[in-house]
Amino acid sequence: MTRRVWSHALAVLALGCLQASVALAEDKPAEEAPSYSKNGADTCLNCHGGAPEVMGIFRTKHAQPNDPRTPFGHGQLQCEACHGPGGAHTKRPKKGEERTPVVQFGRGKASTIAEQNPMCLACHNSYMGDWHVSAHNDNGVGCADCHKVHDPRDPVRNKATQVDVCRKCHQLQVADSLLPFAHPVREGQMACTSCHSPHGSLADASLKRDTINETCYTCHADKRGPFLWEHQPVSEDCALCHKPHGSAQAGMLKQRPPFLCQQCHEAQGHPSVAGTPSGLPGGSNPSAYLLASGCANCHSQVHGSNHPSGTWLTR
Amino acid sequence: MRNEKLMLAAAVGAVVMATTAHAENTANVDTSGWACESCPFQKDYEARATVGAEYVDEDSAKFGEYNGLDQKGAYADVSARGGSRTESGTYYRYELKDLGLDTREAKFVAGREGMIEGTLYYDELPHRVWDTTVTPYTRSGQDTLVLPSDWVRSGSTYGMTALAGSLSPRDIGTDRTTMGAGLAYLFGSNLKFYADYNRQDIEGSKLASANFLFLALQYPEPVNAAHDQVEVGATYRWKSGFAKLSWYGSSYDNSVSSLTFDNPYLPAAPDTVQGRKAGAPDNKAQTFAIDGNFLLPFWNSVLSYRLAQGTMDQSEDFLPFSTSAALAATAVLPRQDLNADVSTSHYRATLSVKPHSRVRAHVGYRYDERDDGTADFSTTGFVESDSVIGAAATARRYSYKRTRVDGYGEVRILDWLSLGAGADSDKLERTNQETGQTKEERSYVELRMRPWGSIEVNGRYGNANVKAGDYTVISGPVPENPLLRKFNQADRDSDFSELRLAWSPWKLAIALEGSYSFDAYRKSPLGLVSGRDYRYAGTVSMPVGEKTSVYVSGSYQNIATEQVGQETFPGYSSVWQVSHEDEFTTAGGGVVWKKVADKVDVRLDYTYAKSQGPIDTLVGNAPSAESFPKLQTELNSVRLSASYPVNDRLRVSAAWTWEDYSSRDWQIAGVEPATLPNLLSMSPDPYDYSVNVIGVSFTYRFGSSVNDE
């Protein structure tokens, strides 16, 4: 099957290269260097001033006159640092012609994502060094699809409102926060960025830490050990047993004990006993292997034990 | 491995030498006349404060799980935020939120623009779990649980005649408090130092279990721990890249290093009147890392890298083998603590290229290692659950090396059509486990298109194949069934696909997405044999007139697994199969009315969520599967809010929330403290609540605002 997909992929790439070679052959005419406005922001605000969605920028980090790294830092290009040279834009268009646009941000605007994002990355490369290989970049996400840089309280940078921004594309993951057992994302007590780095990372699933486990340990350091008696999957990958976006099972487990445990433990004796409805209260054989915490009624130290008698993870 | 490290170091080094650091560039535009006179930079104090009250009409731990509104009664609604800035660029900001609730937060930031910024923050997070639990245990000091003095021990819960009279309600849950401080200092425009520190304190109790051989009990385990984390580092950036050097340290300190609890059963050994469990050990971890990237001078290429080296250690003193002095004396501890020593390594490098506006690709290499160098630990015996002597045992140490290589390429064939393909290889080498190595190879194709108008379609299809090495059952006193394959070490074939559609016809905004995956463990006679997951979701929103917008959304997911077990072996008899099918459905909708009667903003949201989980078991040659009662949860939530601006500075808001939740869970329903002869349960009930919350608040704005000028 893998071979088949590869052969399809190669065929697609070959076709793409053929098409691209035609496009590459097209010569672009030399362009004149664009001009900037006469008075910078003062020129822009003549027309665009007053609107709250514009003026909010002056309460953000982008508008710090004493920080020369910011667009409004002394000597910097102000509005045109992000929106590009506005000289042509400020000129009255000839009759029947449209005003020359500047770089516009957001989905559905005249500027493409390929034109928008470099404006941000020109300054922010060091904050998102892995953007270039991120899933967001691969999927053509624009910075302004998530960020509202003119908003002093950019929703995506606010723990309580961030999920509503992420939901626009990640409906399935956000729906998981409504599952009976989930991290407190729905309540606004935790954000997607508590674990993920949306600007890209070199770890799995754009996690902030190097591995899933190291991400979990930032809040669950009690599970880190190293324990005297370790439970193998625990030290390898928390997500082997847990669903971090939410689960119908307590503890955000993939399944409940004993069934989850029996996917790896079938030793003869009680570990391999089939769980059946006869083990329920009122059944023919109510069973502690099945009810309450199931296997964990006894093997309660499933994350590992530091007790010298914790061989079976009971102490 | 040494060669891989050298190759990576050489590659990074070569690029470092080839790349010249540049000073910050500008567009060389003469901006001396750009006075920005119409720019309303903040000059004074600006703030807003909210004062109000909320009332909750029912107790419910589940409703208050993470919002702290778990008790019936009134709560203060107090929040504020504000700040000030001078023309010289010094500033401070603060935000206080939910001061009257157990979710209170505070943050204070001060600094000087372009030079230094300091941050202090405080955050509380409740986690209410159960308010229907009961126990005969009471705490005695930090780490001991005792039974009443008139407790009657018995070989089963049925004979515990003092049980009913000894039970007291005991809520289960924790409070997590985080306090932190940060500092960032800039040297010029390119060099930044930073330091962040935070401390989490977790206190409360959790529902825990323990056993005396085959007799188990649940109890409220005290939780009292602190976790300190610090990261310090420096980032240097230049025109064509950046480099960051950092150190992360973490220290976990558990005040409940062990818990001793009375044995409610007749002791198996004469003096086993108590049991004792070890708490999570105090432990430390640290990581040194260097990160960065280089913007290479060809093909818009970027090389990113990360080299991180860390350690994890713990040396908590061991407890005795047993509370029974007689049994504890039968075995000898080889040393007084584990002196655990684990090193971690993470090396990554990726190269992305974009030789043309229509072509881009990236390749990556990742290496992760967890090397457990802890000295061997073997005992001549141990004491199982403080009750009987066990055989000699050796603690297995688990290490792994994981090497991944991935690549992805995409071509924009037409202005509206892009095709991509990717593949990766993931090799995991483990020690002391059933398989020494698993290797996963994954490949996929992707399609992105904008066929017409605003329609965007993204799709992906691929498959993966895991090849596991020889599977050898680990020897031990109770060996696993040799036909079992642990699913993370088993051969597996997977298919997966995703599809997303976004469309904005007229004023509508439509977003649809779906995914499907199937895993087949074709070489696993026992254990997990298949898993299937499909889900889809959609949202439609649209404005209705100039002041109103509406949205509806919904999702569905279905996760099914099949697993096979066997009660006795060798041979292939007494086989059983279990089928799970977890379904989860959500639906929602809402309306936002702006400026109703030119003044009032109103918002109404409805949320519905339902989960169902049938489980069927087929044992041996039974004619048909037996079904467990269906697991089920159902949530209905309505929130109506309105706000009215009394004047330019004062706004009054009101909100009403109704939330109804019901659940059915056969695992805990009907399990009273003495329902099972061998489990003294805390008897939590399935969650069920119907809660109303009403609130009124007043928000006042102080000082000027950006729109005043």
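Trainee: In this predicted model, is H48(A) buried, partly exposed or exposed?

Mentor: H48(A) belongs to helix α2 of chain A, which covers residues 41–48. A residue counts as buried if 20 or more other C-beta atoms lie within 10 Å of its own, and as exposed if 12 or fewer do. Because H48(A) has 14 other C-beta atoms within 10 Å, H48(A) is partly exposed.

Trainee: How many Å apart in space are H48(A) and A296(A), C-alpha to C-alpha?

Mentor: In sequence the two residues are separated by 248 residues. The domain assignment of chain A gives domain 1 as 41–150 and domain 2 as 225–297, and the C-alpha centres of these two domains lie 53 Å apart. For H48(A) and A296(A) themselves, the C-alpha to C-alpha distance is 64 Å.

Trainee: Turning to chain B, is C36(B) buried or exposed?

Mentor: C36(B) has its place in the loop between α1 (2–18) and β1 (46–56) of chain B, and its phi is near 55 degrees, a positive value in a residue other than glycine. The cut-off for a buried residue is 20 or more other C-beta atoms within 10 Å. Since C36(B) has 21 such atoms around it, C36(B) is buried.

Trainee: What is the phi of N432(B), and where does this residue lie?

Mentor: Most residues other than glycine have a negative phi. N432(B) is found in the loop between β25 (417–430) and β26 (437–449) of chain B, and with 15 other C-beta atoms within 10 Å it is partly exposed. Although N432(B) is not a glycine, its phi is positive, at about 60 degrees.

Trainee: Which residue in the hairpin of β16(B) and β17(B) takes a positive phi?

Mentor: Strand β16 (residues 283–295) and strand β17 (residues 302–314) of chain B pair in the antiparallel sense over twelve bridges, and T287(B) has G310(B) in β17(B) as its bridge partner. Six residues stand between the two strands of this hairpin. The one with a positive phi, near 50 degrees, is W299(B).

Trainee: Which residue in β18(B) stands opposite M312(B)?

Mentor: Strand β17(B) is also joined by 13 bridges to strand β18 (residues 340–356) of chain B, and these two strands run antiparallel. In β18(B), the residue opposite M312(B) is V342(B).

Trainee: How many residues has the largest nonpolar core?

Mentor: F261(B) is among the residues with the most contacts inside this core, together with others including A288(A), L291(A) and Y219(B). Beyond its close sequence neighbours, F261(B) touches Y137(B), L145(B), A210(B), Y219(B), Q274(B) and G275(B). The elements that give two or more residues to the core include α13 of chain A and β14 of chain B. The size of this largest nonpolar core is 57 residues.

Trainee: How many residues of chain B are in contact with chain A?

Mentor: On the side of chain B that touches chain A, the residues divide into 69 nonpolar, 69 polar and 24 charged. On the side of chain A, 117 residues take part, and the number for chain B is 162 residues.

Trainee: What percentage of the residues in chain B is buried?

Mentor: Chain B has three helices and 39 strands, and its C-alpha trace spans about 90 × 65 × 55 Å along its principal axes. Of its 709 residues, the buried ones make up 35%.

Technical notes. Residues numbered from 1 in each chain as written. Chains lettered and ligands numbered in written order. Predicted model: local features only at pLDDT ≥ 70, side-chain atom pairs only at ≥ 80, totals over all residues. Contact = placed C-beta atoms within 7 Å. Nonpolar A, V, L, I, M, F, W, Y, C, P; charged D, E, K, R; others polar. Pairing = 2+ DSSP bridges. Helix = DSSP H or I, 4+ residues; strand = E, 2+ residues; numbered from the N terminus. Core = buried A, V, L, I, M, F, W, Y, C linked by C-beta atoms within 7 Å. Domains from an automatic or database assignment. Lists of a residue's contacts leave out its neighbours within four places in sequence.
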